[in-house]
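Please read this briefing alongside the sequence and the structure shown below, and look up each residue as it comes up.

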Amino acid sequence: MKKGSFQWMKSLNRTIILNKIRTDGPISRAQIAKETKLTPPTVSSLVSELIDKDLVIESEQGESIGGRKPTLLVINSDRFYIIGLDVGAKKIRAILIDLSGKTLDKTQTIIPKPISNEDLLSLIKRTISDLASIHETKEVIGIGVGMHGAVDVETGTSLFAPGLNLRDIPIKKALEAEYDVPVKIDNDVRAMAFGEYWFMEEKKDENIVTVNIGIGVGAGIVLNGKIFHGKYDLAGEIGHMTVDLNGNQCSCGNIGCWQTLISGPAIGEAAIKQLELNPNSHLLDMIDGEKHKIEGKTVYEAAIAGDSLCIKILEKTGEYIGIGLTNLIHILNPSKIIIGGGVANASPIILPKIKETIAQRGLTNQAKATPIYCSDLGSFGTAIGACALILGEIFEGDVSVVG
Ligand SMILES: [Zn+2]
């Protein structure tokens, strides 16, 4: 990786022009001035700067309306690259993309446990350097990190990473010192939500929520095209919304959190309990009779194979998810909700039940019809979202808003 030969400078007008070229290019200088209400001399001088920085290039000639044909501008998409990381509880996923979002390469590294802050930072750096060294000619202009657990976005510090049992990891500081490029960090679900927003086909929906349902449950909220954190970064802790006053105890200590009904482990536990009443389930054969081996994934595999007990368990899970999402719709009224995480893999069974539940419980016809999708960004969704944190910074200025 070349070091810091490009640092973008913050300027509202430059960002406006750059984003106009990104969304509407090829576009002429005159058209940019007309549509952004900036004066032609301002546009002209800022475009010259962007061309000097290699961020923008002149492309083909446009149609002339009499007189000289205007020169059109486009983003120099494959001139600069971004690395995005997803630091989970088990592995680090890394991806290298260009400014248009095209993927060049991706890697996965298993995190050995136990691990110290220093060793995790070394592993993150090694992952970045390995990926960059395969593409040595590419100039990386930013690194985004989606970190599981609680993150201080301002300082770029991982405050608590429960999956690794680590605290206060100065990720941004360490990476900026090593690579001399801007680094942006957010929690993994929020990074994923921003990626969903950024790479949406038709970028019209500025209020979306991504709900990640895996070992834990959390939401990333994008409002007006910005990640919403809340006053103290708690916004989106939806897994700990109480839905059953007499329910099971959650890892947070409270009773009946949503997470205790819909997470992957919760699905596995429900199956273990139900097996006592349904000893003929096909599920027992799949795990050689060893009940402790049952996970959410096992239940889905048995359901797909036709096991009626497992189908019922997943349908019930879909109903619980639908109840929580109905609450979410009534609080935020997002234009769409995207479901990610391991449990989303069971979407053929759970998604119809989720939609049915929302259709029954939504307050209005619009609420009932809120579009619900499973993420199609795949297992690298958070890493792609981490790249989007940098893209958002370059093209739209700040990507975050606090409460
Ligand atoms: Zn809880």
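In this predicted model, Asp 119 has its place in helix α4, which covers residues 117-134.

**The protein as a whole**

- The secondary structure of the protein consists of 14 helices and 17 strands.
- The radius of gyration is 24 Å, which is close to the 22 Å given by the globule rule for 403 residues, so the protein is as compact as a globular protein of that length.
- Along the principal axes, the C-alpha trace spans about 80 × 50 × 40 Å.
- Of the 403 residues in the protein, 50% are buried.
- When contacts between residues at least 6 apart in sequence are considered, 62% of them join residues that are at least 24 apart.

**The sheet of five strands**

- An open sheet with mixed pairing is formed by 5 strands, and their order is β6-β5-β4-β7-β11.
- At the edges stand β6 (103-110) and β11 (183-187), and because each has a single partner strand, one side of each is left without a neighbour in the sheet.
- On average, and with direction ignored, neighbouring strands of this sheet are turned by 15 degrees against each other.
- Strand β7, made of residues 139-147, pairs with β11 in the parallel sense over 5 bridges, and Met 147 has Asn 187 in β11 as its bridge partner.
- Strands of a sheet pair in general through backbone hydrogen bonds, and they may do so in a parallel or an antiparallel way.

**Helix α6 and Arg 190**

- Helix α6, which covers residues 188-198, lies across β4 (80-87), β7 and β11, and it runs at about 110 degrees to β11.
- Arg 190 is part of helix α6, and it counts as buried because its relative accessibility is 5%, which is under the 20% limit.
- Which residues does Arg 190 contact, leaving aside its neighbours within four places in sequence? Arg 190 is in contact with Gly 220, Ile 227, Phe 228, His 229, Asp 233, Leu 234 and Ala 235.

**The sheet of six strands**

- Another open sheet holds 6 strands in the order β16-β15-β12-β13-β14-β17, and its pairing is mixed.
- The edge strands of this sheet are β16 (372-374) and β17 (400-401), each of which pairs on one side only.
- Helix α12, with residues 347-361, packs on the sheet and touches β15 and β16, while its direction makes about 165 degrees with that of β16.
- Strand β12 (residues 208-213) pairs with strand β15 (residues 336-340) in the parallel sense over 5 bridges, and Asn 212 stands opposite Gly 340 in β15.

**The zinc site**

- Four residues coordinate the zinc ion at 2.0 to 2.3 Å, namely His 240 through ND1 and Cys 250, Cys 252 and Cys 257 each through SG.
- The spacing of these donor residues in sequence is H-x9-C-x1-C-x4-C.
- The site of the zinc ion is tetrahedral, with angles of 104 to 124 degrees among its 4 donor atoms.
- For four tetrahedral donors, the ideal angle at a metal is 109.5 degrees.
- Cys 250 and Cys 257 are both buried.

Note on methods:
Residues are numbered from 1 along each chain as its sequence is written. This is a predicted model: local features need pLDDT of at least 70, side-chain atom pairs count only at pLDDT 80 or more; totals for chains, interfaces and linings use all residues. Side-chain values use heavy atoms; hydrogens and water are left out. Two strands pair if DSSP finds at least two bridges between them. Helices (H or I, at least four residues) and strands (E, at least two) are DSSP runs, numbered from the N terminus. Contact means heavy atoms within 4.5 Å. Axes are lines fitted to C-alpha atoms, for helices over the stretch in contact, and angles run from 0 to 180 degrees between N-to-C directions. Donors are N, O and S atoms within 2.8 Å of the metal (3.2 Å for Na, K and Ca); water is not among the atoms, so sites may look incomplete. Four donors count as tetrahedral if all angles lie between 85 and 135 degrees; four count as square planar and six as octahedral if opposite donors are over 155 degrees apart and all others between 65 and 115; anything else is irregular. Buried means under 20% relative accessible area, exposed over 50%, partly exposed in between (1.4 Å probe, protein chains only). The radius of gyration is taken over C-alpha atoms; the globule rule is 2.2 Å times the number of residues to the power 0.38.
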